[in-house]
Amino acid sequence: MNEKIIEAIGINKYFHDPKTVKVLKEISFSVCKGEFVSITGKSGCGKSTLLYILSTMDTDYEGDLLIHGVSMKKKREGELAKVRNEKIGFVFQFHYLLNEFSVLKNVMLPGLKLGKRPEKEIEHYAYEKLKILGIESEALKKPNQLSGGQKQRVAIARALINNPLIIMGDEPTGNLDKKNSETVFNIFKELAEEYNQSLLIVTHDNEFADRTDRIIEMEDGKIINQ
Amino acid sequence: MKTKLIINISRSLLLARWKQTLVAAVGVTFSITMFIGLLSFMSGLNDLLDGLIINRTPHIRLYNEIQPSKNQPIDLSKKYKNHYNFIRSVKPKNEKLEIYNSAAIIKALEKDDRVYGIAPKITTQVFYNVGSIDLTGVINGIDVESENKLFLFSDYVTEGNYIDLKNIPNSIILGKAAAEKMLANIGDVIQVTTAKGERMQLKVVGYFQSGLQEIDKVQSYASINTTQKLLGETSNYVTDIQIKLKDLLIAPQLAKEYQNLFDLEAIDIQTANSQFETGSFIRTLISYAVGITLLIVAGFGIYNILNMMIYDKMDSIAILKATGFSGKDVNAIFITIASSIGVFGGIMGLMFGLGLSALIDQVPFNTEALPTITTYPINYNIKFYIIGGVFSIITTYFAGYFPSRKASKIDPVVIIRGK
Ligand SMILES: Nc1ncnc2c1ncn2[C@@H]1O[C@H](COP(=O)(O)OP(=O)(O)O)[C@@H](O)[C@H]1O
Ligand SMILES: [Mg+2]
C-alpha cells in the first residue's frame with residue numbers, strides 16, 4: 001500500500017491572462033497503489049488545472065511531479081506523450097471519443113500506439129475491457145450511436161487498455177444522470193477493489209466523494225484537507 | 001507498426017471528409033493535367049517551328065563572300081608598317097562566288113566522321129520571264145538525292161514528284177507562290193534569264209511549299225547540272241557546301257575550324273538562327289510558368305482544406321495527444337493526408353494529361369503554310385511527366401507542412417478546457 005504511484009511536490013501554477021493570478025499554491029500530495037482518491041472543491045478552485053498538470057499535459061508550472069518515482073520536470077514533449085500513453089488513463093467530463101472510428105478501435109488506439117503487443121491481441125484485450133464495462137455488444141458501432149453513459153464507459157475502457165498505473169478523471173460523472181453516475185462509480189470502485197487499480201477522480205458530487213478511500217479538499221488553489 | 005497506425009488514422013480522417021479531400025485532389029489533378037497538356041502542346045509546337053528551320057538549314061554552310069580584301073597592299077609594305085594607314089573607298093575585286101576546288105573539299109568532308117552528310121548547292125539570281133514582265137527569283141541548284149536525305153526536300157514538294165527534277169533534264173520545281181504569279185501549271189515550260197543575260201527554257205515538274213510565303217514567292221529548285229548549264233559553268237561549279245553534323249551542338253566550333261582549314265566563309269546554324277532559339281526559349285518559359293502557377297494554386301487549395309480539416313478535428317487531435325500520441329505523430333498524420341492527396345491527384349493528373357495530349361493530337365490542323373502537318377503537334381516527352389509528378393508531391397508536401405505543424409502544436413489542455 002506504500003508504493004507511491006504519483007507524487008506532487010510543491011506545485012505552483014500561474015495564469016498570466018489577463019493579469020497574473022496564482023491558481024495553484026504549494027500543492028503537495030501523493031497517491032499510492034490501489035488507492036481510490038477523490039478531489040473536491042468549489043468550482044474555480046483549480047481542480048482541473050491541477051489534473052492537467054498531473055496528467056503531464058500541462059508543463060507550465062513550478063514544483064515537481066513524480067510518476068512512479070520519476071520526475072516529469074525535465075522530460076520532452078515526446079517522452080511525456082509516451083508517459084501518458086503507457087502510465088496514465090484519462091477520463092474526461094465530456095466523452096471525447098473519435099467518431100471516425102468504431103467503439104472497439106477507439107479503445108484499441110492507445111494500445112496500438114504503445115505497440116507492445118500484436119494487433120490481434122490488443123483487439124482481444126479491448127473486447128475484454130468492454131465486457132468488464134458491460135458494453136461489448138456495442139463494440140462495432142460508431143461512438144455517436146451511443147448514449148452518454150455508454151460513451152463514458154467506452155472512455156473508461158480506453159483508459160484501461162494499457163493497464164495504466166493510474167486513472168485520472170475530471171468530473172467523469174458530471175454530465176451523467178443519477179443512474180449512469182452510479183454505474184460509473186461502481187465500475188471505479190470495482191477496479192480499485194478487484195484489480196488494485198489506483199484512481200484519482202475530480203468531482204463536486206459529495207455523495208460520490210464520500211464513498212472513495214480518501215478525499216482531497218481544495219479551496220482557492222490550496223489543499224485544505226487530505 | 002507505427003507507420004501502419006499513422007496511415008490507418010490518416011485514412012480514417014481522410015475518408016470521414018472524403019468530399020473535401022476529393023475537391024483538393026481534383027484541384028491537383030486539374031493542374032497536373034493542364035501542366036502536361038500545355039507543355040506537351042507547346043513543346044510540340046516548338047519542335048514543329050524549329051523543325052521548319054532546322055530541317056532545312058544546314059548545320060554549317062560553306063560559301064565564298066565577295067568582300068574587299070582584308071590585306072591592302074600598303075599593309076605589306078615594310079616602310080609603313082608602324083604607321084596607321086587609312087584607305088578610303090575600298091572596293092572588292094572581281095571575284096567569283098564559286099568555291100574553288102569544291103570536289104577536294106567535299107572529299108575531305110566525307111572523311112570527317114563528325115559529318116553526317118554533305119549537299120553541294122548553287123544559288124543564283126534569275127528573272128522569271130512572264131510575258132513582258134520579269135519577276136526576280138532565286139534558283140537553287142541542288143543534288144536532288146542528298147538534298148532529300150539531309151533536308152527532307154520531298155516533304156515540301158506538295159505537287160509533282162521531286163525525283164523528276166533529277167530524271168527530267170532542264171526541269172524546275174517552282175515555289176508555289178511564284179507559280180501562282182506566273183500562272184504556270186505542272187508540265188508547262190517557263191523561261192528564265194540569268195543575271196548575265198543568258199536565257200533558258202525550263203519544264204515545271206512540281207510545286208514547292210516551305211511554309212514561309214516570302215520564300216515561296218522567289219525560290220525555285222533545279223538540279224545542280226541544269227543550273228550549271230544555265231550559268232554556262234563547268235560541272236565543278238558550286239557556290240555552297242551544306243553540311244549536316246551528327247551532333248548539332250558542335251556546329252559553331254566546327255564552323256571556325258572549317259573556315260580556317262578551307263579558307264572559306266562558314267556559318268553555323270546557331271549563329272544563323274539565334275532569334276529562333278530565343279523564341280523557343282520564351283515559349284517554353286511561359287508554358288512552365290503557367291504550369292507551375294497552376295500547381296501552386298492547387299497547393300493553396302490543399303493548404304486551405306487541410307487547415308479546415310485541422311480546425312474541424314481539433315477535438316480528435318486533443319484526444320490523440322491526451323492518450324499518448326506525440327506532436328510528431330500528429331504531424332505525420334497530417335503530412336500523410338496531404339501527401340496522399342498529392343500522390344492520388346498527381347497520378348490522376350498524369351493520366352488525364354496523357355489523355356488530353358492524345359486528344360489534342362487528334363484535332364485536325366490543316367494550314368497552307370505547313371503542308372506536312374495534319375493535326376496539332378504534341379511532344380510526348382517523359383520529362384514533363386516526371387516534372388509534373390515530382391512537383392505535385394513537392395507542392396502538396398509544402399501545402400501540408402504548415403497546417404501539420406499547426407496541428408502538432410495544438411495544446412490539448414486548451415481544447416479540453418474550452419468545452
Ligand atoms: N487559460 C486560463 N487563463 C486564465 N485563467 C484561467 C485559465 N484557465 C483557468 N483559469 C482560471 O483558473 C482558475 C481555476 O480553474 P479550474 O482549474 O478550471 O477550476 P475548477 O476545475 O476547479 O473548476 C479559475 O479561476 C479559472 O478562471
Ligand atoms: Mg473543472
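Trainee: Which residues are linked with A:Lys13 in a network of salt bridges?

Mentor: They are A:Asp58 and A:Asp60, which form a network of salt bridges together with A:Lys13. Keep in mind that this is a predicted model.

Trainee: How many salt bridges does the structure hold over all chains?

Mentor: The count over all chains is 24. One of these lies between A:Lys113 and B:Asp329, whose closest N and O atoms are 2.6 Å apart. That pair crosses between chains: A:Lys113 is in helix H3 (residues 103–114) of chain A, and B:Asp329 is in helix H14 (residues 327–362) of chain B.

Trainee: Are the two partners buried or exposed?

Mentor: The cut-off needed here is that buried means under 20% relative accessible area. A:Lys113 has 17%, so A:Lys113 is buried. B:Asp329 has a relative accessible area of 2%, so B:Asp329 is buried as well.

Trainee: Which residue forms a salt bridge with A:Glu119?

Mentor: The partner is B:Lys4, and the closest N and O atoms are 3.2 Å apart. A:Glu119 lies in helix H4 (residues 119–132) of chain A and B:Lys4 in helix H1 (residues 2–16) of chain B, so this pair joins two chains. A:Glu119 has 28% relative accessibility and counts as partly exposed.

Trainee: And within a chain, where are A:Glu182 and A:Arg211?

Mentor: A:Glu182 and A:Arg211 form a salt bridge, with the closest N and O atoms 3.2 Å apart. The pair links distant parts of the chain, 29 residues apart. A:Glu182 sits in helix H6 (residues 178–195) of chain A, while A:Arg211 is in the loop between helix H7 (206–210) and strand S9 (214–219) of chain A. A:Glu182 is partly exposed at 30% relative accessible area, and A:Arg211 is partly exposed at 33%.

Trainee: What is the nearest side chain of opposite charge to B:Lys321, which is buried yet has no salt bridge?

Mentor: A salt bridge requires the nitrogen and the carboxyl oxygen to be within 4 Å. For B:Lys321 the nearest side chain of opposite charge is A:Glu77, 4.1 Å away. B:Lys321 is in helix H13 (residues 314–322) of chain B. Among the residues that B:Lys321 touches are A:Glu77 and A:Arg84 of chain A, and B:Val330, B:Ile410 and B:Pro412 of chain B.

Trainee: A:Arg84 belongs to helix H2 of chain A. Which residues of that helix are buried?

Mentor: In helix H2 (residues 77–87) of chain A they are A:Leu80, A:Ala81, A:Val83, A:Arg84 and A:Asn85. These buried residues pack against strand S4 (62–67), strand S6 (88–91) and H3 of chain A, together with H13 of chain B.

Trainee: How do I read the buried side of a helix?

Mentor: An α-helix has 3.6 residues a turn, so residues three or four places apart point the same way. In helix H4 (residues 102–111) of chain B, the buried residues include B:Ser102, B:Ile105, B:Ile106 and B:Leu109. They cover an arc of only 100 degrees around the axis, which puts them on the same side of H4(B). On the other side, B:Lys107 and B:Lys111 are exposed.

Trainee: What covers the buried residues of H4(B)?

Mentor: The cover includes strands S1 (60–63), S2 (115–130) and S9 (240–245), and helix H10 (251–262), of chain B.

Trainee: Which residues form a nonpolar patch on the surface?

Mentor: B:Ile382, B:Ile386, B:Val390, B:Ile394, B:Tyr397 and B:Phe398 do, with about 590 Å² of accessible area together. One of them, B:Ile386, lies in helix H15 (residues 382–409) of chain B.

Technical notes
Residues are numbered from 1 along each chain as its sequence is written. Chains are lettered from A and ligands numbered from 1 in the order in which they are written. This is a predicted model: local features need pLDDT of at least 70, side-chain atom pairs count only at pLDDT 80 or more; totals for chains, interfaces and linings use all residues. Side-chain values use heavy atoms; hydrogens and water are left out. Helices (H or I, at least four residues) and strands (E, at least two) are DSSP runs, numbered from the N terminus. Buried means under 20% relative accessible area, exposed over 50%, partly exposed in between (1.4 Å probe, protein chains only). Lys and Arg count as positive and Asp and Glu as negative; His and the chain ends are not counted. Contact means heavy atoms within 4.5 Å. Patches are made of residues with over 30% relative accessible area and no salt bridge: like charges are joined within 9 Å, nonpolar side chains (Val, Leu, Ile, Met, Phe, Trp, Tyr) within 5 Å. Accessible areas come from the Shrake-Rupley method with a 1.4 Å probe; for residues, only the protein chains shown count as cover. The arc is that of the directions from the helix axis to the C-beta atoms.
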